[in-house]
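I opened this notebook to record what I looked up in one structure. The entries go from the overall fold to one helix and then to the ligands.

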Amino acid sequence: MGVADAYRNSVENQWCPGCPNFGILAAVKKSLAELDLAPHQVCLVSGIGQAAKLPHYLQANVYNGLHGRAIPAAIGIHVANPELKILVTSGDGDLYGEGGNHLLHAFRRNPDLTVIVHDNRVYALTKGQASPTTPRGEQTRLQFGGVEIDPAQMLATAIVSGCTFVARGYAGDIDGLSKILVRAIQHRGLALVDVIQPCITWGNHPVDWYRGRIVPLPQDHDPTHRDRAIAAALDVADVFPVGVLYETAPRPTFAESYRTRVGAGPLARLPRINRGEVEARLAAFIVNRD
Ligand SMILES: Cc1ncc(C[n+]2csc(CCOP(=O)(O)OP(=O)(O)O)c2C)c(N)n1
Ligand code: SF4
Ligand SMILES: [Mg+2]
């Protein structure tokens, strides 16, 4: 059995027929197969939403958490076992809205995660309310008069907050997206991949509208040039430049900085902790607390 087949499972898919989320699922499988990663080496983490169902449809380690709480769960998994390849796959509402606080600080902490945002610019599971990336002026099922604030600029925020890999992909281009994902998964530290994913049920634009606006980054785009990367990251109304916007030298991951005393590798492989020592420290803490 090939690596790609090893990811197949029999869970019934609940997405609308033709949803571009299928393209993201295919690109995730393709990139994992290209990297020759077996399912036991991979952990998929998500929150709640249509996008957050992706881990259900792959045979691998999975943690499906509360709405907005994928990132803290993923950081815990990363610290416990830095050898796992951890992919967070969730929606723009889940990761930029409800979980935006966690993501902001994850950019600074730099856990070794590939964060894939299914950016359909809407809360799809709850039937089409505005999300943090809905453009100003767009009408939704709840914002009848149009959204009155500008969208969050999370890709530019990631760059200025210390994230060392930032990319934009398109769900309708499985080959192009899987190439970006291969680079993101290989990158050491937090890699943010915002994937333009039209919602064909609740979104404001059909797939054709997006197709005409997806453009590759200019050939001379230099991903190490921070200012140009920020300019390419800033949301523009008419075009979505796709590709690796920003990639710079990796810096120590959260586990490398944080696990200095107990040692590297999975916690489960470390010698068992001395229960007596833990109890003595706890007792000292409780006595000295006042
Ligand atoms: C704490 C909490 N607040 C709100 C909800 C309701 N809720 C479920 S999914 C969702 C939004 C999902 O949007 P997004 O992350 O963009 O995913 P999509 O469905 O668009 O793929 C909301 C608000 C919830 N489940 N839990
Ligand atoms: S509601 Fe939108 S995002 Fe959800 S499955 Fe349907 S098309 Fe996809
Ligand atoms: Mg969404």
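The entries below keep to that order.

**Basis.** I worked from a predicted model, in which local features need pLDDT of at least 70 and side-chain atom pairs count only at pLDDT 80 or more, while totals for chains, interfaces and linings use all residues. Residues are numbered from 1 along each chain as its sequence is written, and chains are lettered from A and ligands numbered from 1 in the order in which they are written.

**Overall fold.** I noted eleven helices and eight strands in the protein; these are DSSP runs numbered from the N terminus, helices being H or I of at least four residues and strands E of at least two. The radius of gyration, taken over C-alpha atoms, is 20 Å, close to the 19 Å that the globule rule gives for 290 residues, so the protein is as compact as a globular protein of that length. That rule is 2.2 Å times the number of residues to the power 0.38. Along the principal axes, the C-alpha atoms fill a box of roughly 65 × 55 × 40 Å.

I then looked up burial: 40% of the 290 residues count as buried. A residue is buried if 20 or more other C-beta atoms, placed from the backbone, lie within 10 Å of its own, exposed if 12 or fewer, and partly exposed in between. Of the contacts with a separation of 6 or more, 71% join residues 24 or more positions apart; a contact requires C-beta atoms, placed from the backbone, within 7 Å.

**Helix H5.** Which residues of H5 (residues 100-109) are buried? I found Leu103, Ala106 and Phe107. Seen down the helix axis, they fall within an arc of 105 degrees, so they line one face of H5; the arc is that of the directions from the axis to the C-beta atoms. These buried residues pack against helices H3 (70-80), H4 (92-98) and H6 (154-160). On the other side of H5, Asn101 and Arg108 are exposed. Asn110 follows H5 and has a positive phi, near 65 degrees.

**Ligand 1.** I counted 19 residues around ligand 1, of which Gly49, Gly91, Gly93, Asp94 and Ala124 come nearest; a residue is near if its C-beta atom, placed from the backbone, lies within 6 Å. Strand E3 (85-91) and H4 are the elements that give two or more residues to this shell, and H4 provides the largest share, four residues.

**Ligand 2.** Among the residues that surround ligand 2 are Cys16, Cys19, Cys199, Trp15 and Trp202, and Ala124 is also included.

How values were computed:
Two residues are in contact if their C-beta atoms, placed from the backbone, lie within 7 Å.
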